[in-house]
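Hi everyone, thanks for making time this morning. I'd like to walk you through one structure, so please have a look at it with me.

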Amino acid sequence: YIVDGDGKPIIDLSLTKENTIKISARDVKSLKYIEYTWNNSKKTKIEANKENLQLIEKEVEIPIGQNTLKVEAVNTNDVITTKELQIKGVKNPNITLTKEEGYVVIKVEDEVELDRLEYTLNGQKYRINLKDKNYTSVQYKLKLEQGENILEVKAVNKDGGTKEQKGRANN
């Protein structure tokens, strides 16, 4: 019969939240350690926990830009499993909404370069193309209608980093 992993450690890589990846290694018997590197740099070693020698988990931040993550898992029989992944780390834009007399001000800032701004004000959708304009910061002033105003804003940078924000304002 075939044992889980056929005597080799099994490595799983999964995105957990913005710019974070979870490295999971498991083995039917027991693991010694895992090692991971970004872009062939210095190895980071994580020893197995004595309470659970069959599983090692670690969440790590993805560096900004295009990257290669290499993970090695070693079990107590010195059997090694290696997994490599190409992944791009992105930083999301920042959105600030403020209210000024009769207006709402949308301010978007980004470390990279803004690609587009989309917003919906009271059900009316708008899209502003910022591609190839080299903008890292934009500001728009929108006139509010009488009563309650509902605003949804989405900013996207050229790396695909996305931020969404919703707000309500009474006028």
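I'll go through the strands, then one serine, and then the aromatic rings.

A word on the source: this is a predicted model, where local features need pLDDT of at least 70, side-chain atom pairs count only at pLDDT 80 or more, and totals for chains, interfaces and linings use all residues. Residues are numbered from 1 along each chain as its sequence is written, and side-chain values use heavy atoms, with hydrogens and water left out.

Let's start with the strands. When I say strand, I mean a DSSP run (E) of at least two residues, numbered from the N terminus. Two strands pair if DSSP finds at least two bridges between them. As a reminder, strands of a sheet pair through backbone hydrogen bonds, either parallel or antiparallel.

Seven bridges link E1 and E2 in the antiparallel sense, and Ile-11 has Ala-25 in E2 as its bridge partner.

Now to our serine. Ser-24 sits in strand E2, residues 20–26. Is Ser-24 buried or exposed? Ser-24 counts as buried because its relative accessibility is 12%; buried means under 20% relative accessible area, exposed over 50%, and partly exposed in between, with a 1.4 Å probe and protein chains only. Which residues does Ser-24 touch, leaving aside its neighbours within four places in sequence? They are Ile-10, Ile-11, Asp-12, Ile-56 and Glu-57, where contact means heavy atoms within 4.5 Å. With Glu-57, the side chain of Ser-24 also makes a polar contact of 3.4 Å. A polar contact is a pair of N or O atoms within 3.5 Å; within protein, one must be able to donate a hydrogen and the other to accept it, and residues adjacent in sequence count only if both atoms are side-chain atoms.

On to another open sheet, this one of four strands in the order E11-E10-E13-E14, again with antiparallel pairing. Here the twist averages 15 degrees from one strand to the next. E10 (114–121) and E11 (124–129) are joined by six bridges, and Arg-116 faces Asn-129 in E11. These two strands form a hairpin with two residues between them, and Asn-122 in the turn has a positive phi of about 50 degrees.

Finally, the rings. How many aromatic pairs does the structure hold? It holds one: Tyr-119 and Tyr-126 are stacked, at 4.8 Å centre to centre with 20 degrees between the planes. Rings of Phe, Tyr and Trp (its six-membered ring) pair if their centres lie within 6.5 Å; planes under 30 degrees apart count as stacked, over 60 as edge-to-face and the rest as tilted. Tyr-119 is buried at 10% relative accessibility, whereas Tyr-126 is partly exposed at 38%.

Two lysines also lie over ring faces: Lys-45 over Tyr-33, at 4.2 Å from the ring centre, and Lys-141 over Tyr-103, at 5.1 Å. The criterion is NZ of Lys or CZ of Arg within 6 Å of the ring centre and within 35 degrees of the ring normal.

Notes. Axes fitted to C-alpha atoms, helices over the stretch in contact; angles between N-to-C directions.
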